[in-house]
Structure formats: structure tokens, C-alpha cells
Amino acid sequence: MSRPVLEVRELRAHIGTPRGTVRAVDGVSLTVGHAQALGVVGESGSGKSVMARAVMGLLPPTAASSGAVLFQGRDLLTLSRKERAQVWGKQIAMVFQDPGRSLNPVVRVERQLTEGMRKQLGVGRSEARTRALDLLREVGVPDPERRLRAYPHELSGGMRQRVMIATALACEPDLLIADEPTTALDVTVQRQILDLLRRVQRDRGMSLVLISHDLAVVAGRTDRVAVMYAGRLAETGATRSVFDAPRHRYTRALLESTPTLGHERHTPLRLIPGALPDPTRPPEGCRFAPRCAYAAVDCGRLAPQLSPAGPDHHVACVHPAHEATPPASAPVSAPPSTLAPGGEPHGR
């Protein structure tokens, strides 16, 4: 097998706060293959975004990280800030939640698109401008000549996010991390942006990490999925395998609390009882046990490790669900239209 583009080994990211140390990411290991799309899902507060920022080296000063983050065999956690700057943009790029905050409001689109190319790739002004126009066309921005002269506030939210994606792609990275890239957009634009990301990823043969609280987002747009809960991985595997036959009770609960187009309009969705544990004092055993209807005595004592649950399917559960028992919701790996766009799991 070829070496993964990204390999995260026992990653921990602990953040100091006045209340104590938040164990936001607590021993996460995962891989992203060449030209592969990995979805990372879980409720808000599960550690998804902190994990992505730890990979990029963008944690706050009060945070400490450990483990290993191997990008094409090179451990990013051992690099100096200057060395990481050579990786950012050129090899790994990131699309954040809110393009309104990510784009500089007083700098025209052209400069924001071409600056990285000129610095990282060493291309001249004219070539950079030509590439910028091509990028805007690639991401579906109409009248790219006019948009290059615009300031971010002159663009709609959807257009700003397309510009952000174009900026991330400018230096032709091998890996793109998209952290909740459609949160600030309306439902129609969300779908367009997500489909755009998947198309660009496939066309360029690029690896993609797509982070979302929304299972519908990753259902038809990723090859593999990692389900996070309270800083740890609950379940990983091929997207179809995990969503068609979830083995962790948390994954099943997420599916059953996600609206589908076939859901009866006046029928309430299943809720996940309780809330995420205090990240400064997580339970000793399974962190989902206090919310799990199937928890046994040993669940509170034993911290489960990821174990095989099938081909390319692993689960961290002492008493995993039987694979023959489907979740109450419709299979999520069916075409994405079976899920209501933007459906957010209840119990966030």
C-alpha cells in the first residue's frame, strides 16, 4: 500500500482555561489516503475543529499538543513556525467556517488570490492574475474579471466562500481541510459549495478532510468517515459501511436524530439525551456511557479502544451494536437527497 498523505497518531490537544485543562483531542489516530475524502463528524464540542487546527499548527498559545501528525511522512508537530509556513498553502490548505472573517475586508480579491501564488510558487504578477481568473472560473464565480477587482463585502456569502476555496487551491495543495465550510450559508448555497468541493477534489486528485456536525454533508461526498465524541474517535471506516451498519451507539443516535426527506412532518425526531461531558473532567470509561441507553457497569470503567468491526470498519465500544440491526433512520449512504439538506443532529 502507498504511504498515506496524512497520518495522525495518538494526537492530543489540551487547552488551558481558568476552569482547568480542556482535553479537546485525546488520543486520536486516523489516516487520509491519496485522492481520498475523509469526513469527520460529531456534535459541536466533540473536538473536530481543534483536531484540524492541531494538524495545521493553529492552536491558541494556551494549548499544548502531542503525538504525531505525519504529512507525506514528515511530522508537522516537530517543525518550527518558519518550516510550517512552507507547508501552509503550498501543500496543505484550509477553508474555514466564515469567509467573511477569513477574507481581508480592505484588500481586493485579486491580491488575496495572487499573493500566495507569487510568494509560494514564485510566479510573476501577470501569470498569477491569469491563474486567479482560471481559479475563479473553476469554482463557478461568474464574471471573474469584475470579481477580481471587488472587495469581499461586495460579494454574496456564497461568492465569498467560492473565493475562499479558490484561494485555498491557488498553490495546488495536496491536502485540503474544510472546517464546517457551509455553516454560514443558506441551504441551497450549502449544497452547491459541498458539491463543488467534492468535484474539485476528484478533478485534481487531491485529498480532502471535510469536517461537519451534519451527517448529510459527508454522506454522499466522502470515501471514509471518522465519528468523534468528546475528543475521541467512536467509529471509523468506509462511509457506506459506517452509515449503513453503525456499530457505535453514538453513531446510531446521530443517524436517528438526523431528519430525512421521508420523515413525517409532525413526528418529532429522536433526541440524544443528556449532553457532552465536561471536557476538563471526562469520564474514566466510555465517554458516551452517561448518555447511552445500553451502557453496562463495565462501560463506566473501561476506556474502549478502536477494534475491528468489519472490513475497513472499526469501533470503540465495549458492547457494540449488532451489525444486523439497522438504525431506525433510512440508510445515510443512499443518495444525499434522502437527507434533508442542512439537517443538524439534535442534542448539540
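**Reading the terms in a predicted model**

The secondary structure of the chain comes to 11 helices and 12 strands, where helices (H or I, at least four residues) and strands (E, at least two) are DSSP runs numbered from the N terminus. The model is predicted, so local features need pLDDT of at least 70 and side-chain atom pairs count only at pLDDT 80 or more, whereas totals for chains, interfaces and linings use all residues. Residues are numbered from 1 along each chain as its sequence is written, and side-chain values use heavy atoms, with hydrogens and water left out.

Q: What makes Y229 and F288 an aromatic pair, and of which kind?
A: Rings of Phe, Tyr and Trp (its six-membered ring) pair if their centres lie within 6.5 Å, with planes under 30 degrees apart counted as stacked, over 60 as edge-to-face and the rest as tilted. The centres of Y229 and F288 are 5.2 Å apart and the planes stand at 85°, and the pair is edge-to-face. The structure holds 3 aromatic pairs, and ring pairs link Y229, Y250 and F288 into a cluster.

Q: Why can the pair of Y229 and F288 be said to tie together separate parts of the chain?
A: Y229 belongs to strand β9 (residues 224–229), while F288 is in the loop between α11 (249–256) and β11 (307–310), so the pair joins parts that are 59 residues apart in sequence.

Q: Why does Y229 count as buried?
A: Buried means under 20% relative accessible area, exposed over 50% and partly exposed in between (1.4 Å probe, protein chains only). Y229 has a relative accessibility of 4% and therefore counts as buried. F288 also stands at 4%, and is therefore buried. Over the 348 residues of the chain, 51% count as buried.

Q: How do you know that α11 is mostly covered?
A: In α11, 8 of its 8 residues are buried. They are R249, Y250, T251, R252, A253, L254, L255 and E256. These buried residues pack against α9 (215–219), β9, β10 (232–238) and α10.

Q: What places R249 over the face of Y294?
A: A charge sits over a ring if NZ of Lys or CZ of Arg is within 6 Å of the ring centre and within 35 degrees of the ring normal. R249 lies over the face of Y294 at 3.9 Å from the ring centre.

Q: Why are α4 and α5 called oblique to each other?
A: Angles under 35 degrees count as roughly parallel, over 145 as roughly antiparallel, 65 to 115 as roughly perpendicular and the rest as oblique. The axes of α4 (residues 109–121) and α5 (residues 125–138) come within 9 Å and cross at roughly 125°, the axes being lines fitted to C-alpha atoms over the stretch in contact, with angles from 0 to 180 degrees between N-to-C directions. The two helices are therefore oblique.

Q: Which residues bring α4 and α5 together?
A: From α4, E110, L113, T114, M117, R118 and L121 meet R125, A128, R129, R131, A132, L135 and L136 of α5, contact meaning heavy atoms within 4.5 Å.

Q: What makes α7 roughly parallel to α8?
A: The axes of α7 (residues 157–169) and α8 (residues 187–204) come within 10 Å and cross at roughly 15°. That angle makes α7 roughly parallel to α8. The contact is made by G158, Q161, R162, I165 and L169 of α7 with V189, Q192, I193, L196, L197, V200 and R204 of α8.

Q: Why is T239 counted as buried?
A: T239, in helix α10 (residues 239–244), has a relative accessible area of 3% and is therefore buried. Leaving aside neighbours within four places in sequence, T239 is in contact with V218, A219, T222, D223, R224 and V225.

Q: What makes V32 a buried residue?
A: V32 lies in strand β2 (residues 20–32), and its relative accessibility of 0% counts as buried. Not counting residues up to four places away in sequence, V32 touches P4, V5, L6, L38, S207, L208 and V209.

Q: Why does E172 count as exposed?
A: At 52% relative accessibility, E172 is counted as exposed. E172 lies in the loop between α7 and β7 (175–179), and its phi is near 55°, a positive value in a residue other than glycine.
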